[in-house]
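My entries follow in the order I made them.

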Amino acid sequence: MTGWLTSVIQVCYFAAAFLFILGLKRMSSPRTARGGIGWAGVGMLLAVVATLFLPGLKHRELMILALVLGTLAAWWSARRVAMTAMPEMVALYNGMGGGAAAAIGGAQLYGYSSHVVQLLGGGTYAVAGYEAPSTSHLALALLGALIGAVSFSGSLVAFGKLQGWLDRRFVFAGQRAVNGVLLVVTVALGIWLTTGHLDTASITIFFALALLLGIAMTMPIGGADMPVVISLYNALTGLAVAFEGFVLGNEAMIIAGTVVGAAGTLLTQLMARAMNRSLGNVLFGNFGASGQPGQAIAGAQKPIDAPDVAVMMAYAERVVIVPGYGLAVAQAQHKVWELAQLLIARGVKVRFAIHPVAGRMPGHMNVLLAEAGVPYDLIADMEDINPEFPSVDVALVIGANDVVNPVARTDPSSPVYGMPILDVDAAHQVVVIKRGKGTGFAGIENALFYADNARMLYGDGQAAVSALISATKALDA
């Protein structure tokens, strides 16, 4: 009976792995992403149910209770969270995954520790019947625990930064050296533990150092790097889960963790490339620092009224709309699509331009526009839309800042220098909807707002777009 059940469980794990990969593949396109999430969810449900039937599994009642409570909490929070807070939610869930992996590693390590007795005169001996883990087994448990703990504490710091509870950057003299020493000490202690020195005190210090390392790595990172940081910790969480899957001999954890780790790594590389930066520069550089003025910007911001903007767009041939985080904050995506439909009805060619790191999470703007019903064929990536800007009559920027800042091409002293941007300044006319004259998430001034072809429509995103809708409709009255 046990052998038959084990075979069924292995088949379920294989099916779950297939569904994970299928779901991830479908998530690569906005058209099929919703279905991909569903297939991956079915795979996870299958893997969880199969695990509950593992022979010799203990504490099933507690596991089921935890599953029910976790499901209810996730359902409640997902239903209530605003789209603008989705990056914070993803950062928090990344942290929970890393924390779970670290907890598995901790349970294994403290379990080994409880079977080893320290002698007063030095040395150790094992409790009768105890089979010591192999060095490779210990190494995997420690690696998973280390990476999971770093992902847990680092993700919580990222969550706090996105929520505005923590300063966007926290730096001090010699910080890199301190972080380097902390990393070396933590790894050295992990190596010491793999040699069999599994006393409770050493394991506890190891976890404390790993958690501190995650905090120390994330505190100096600026807000403009948050999309990369979120992707990085997603990859680390997957890697930690895979390592702990090897420790437990659970194929579903190995495959799921490997898939998540690989996908997160690729996404991190794409995000870093979109900002023309290496991962090392993100972790140890100064991007996203506030208070870096760069070169002085000549000129002044020139305001414009909604009726004048409506006339510009209504009689244009081509209009490109560039959404940013300000659009998400204002929840203006539905109004923007209503405006776009009015323009399209007048024969204007309208497209939406998306920067890879627009907002505070990869894909943030795509999800917002899809929620409003914007067709996928009207949404263009940066690489596709940039060559078209010189022939665009009006570029309407709504809440975007750093990703349209032309100093990224011209000012080597700027913290965003070298970051690929949307070339909206090349359009014939640029209209920027912005709440005020403040800086963007990177904390620097935007030269676009002072350009000769740029005009500023000040106000809340949704209110400003509503005024544009009214003014456009009035043209036909």
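I began with strand β7, residues 429-434. Five of its six residues are buried, so the strand is largely enclosed by the rest of the structure. I note here that the model is predicted.

I then looked up which strands pair with β7. Strand β6 (residues 394-398) pairs with β7 in the parallel sense, over five bridges. I found A395 opposite V430 of β7. Strand β8 (residues 454-458) also pairs with β7 in the parallel sense, and five bridges join them. Here K434 has Y458 of β8 as its bridge partner.

**Nonpolar cores**

Next I asked which members of the largest nonpolar core touch the most other members. This core has 40 residues, and the ones I listed are M313, V319, I321, F352, L396, L457 and L468. Helix α13 (residues 333-345) gives the most to this core, namely five residues.

I followed up L396. Leaving out residues up to four places away in sequence, L396 touches M313, V320, I321, V322, L339, V431, I433 and L468. I also logged a second, separate core of 38 residues, with F159, F206, I230 and L232 among them.

**Helices α11 and α17**

I looked up how helix α11 (residues 306-314) sits against helix α17 (residues 461-474). They pack at an angle of about 60 degrees, and their axes are 8 Å apart. I recorded the crossing of α11 and α17 as right-handed.

On the α11 side, the contact is made by A306, P307, V309, A310 and M313. On the α17 side, A467, L468, A471 and T472 make the contact.

**Position G98**

My last entry is on G98, which lies in helix α4 (residues 86-114). Is G98 buried or exposed? Its relative accessible area is 0%, and buried means under 20%, so G98 is buried.

I then checked what G98 touches. Not counting residues up to four places away in sequence, G98 touches G148, A149, S151, F152 and T237. I also looked up G238, which is 140 residues from G98 along the chain. The C-alpha atoms of G98 and G238 are separated by 7.8 Å.

Notes: Residues are numbered from 1 along each chain as its sequence is written. This is a predicted model: local features need pLDDT of at least 70, side-chain atom pairs count only at pLDDT 80 or more; totals for chains, interfaces and linings use all residues. Side-chain values use heavy atoms; hydrogens and water are left out. Buried means under 20% relative accessible area, exposed over 50%, partly exposed in between (1.4 Å probe, protein chains only). Helices (H or I, at least four residues) and strands (E, at least two) are DSSP runs, numbered from the N terminus. Two strands pair if DSSP finds at least two bridges between them. A nonpolar core is a set of buried Ala, Val, Leu, Ile, Met, Phe, Trp, Tyr and Cys residues joined through side-chain atoms within 4.5 Å. Contact means heavy atoms within 4.5 Å. Axes are lines fitted to C-alpha atoms, for helices over the stretch in contact, and angles run from 0 to 180 degrees between N-to-C directions. A crossing is left-handed if the near helix is turned anticlockwise from the far one by less than a right angle, and right-handed if clockwise.
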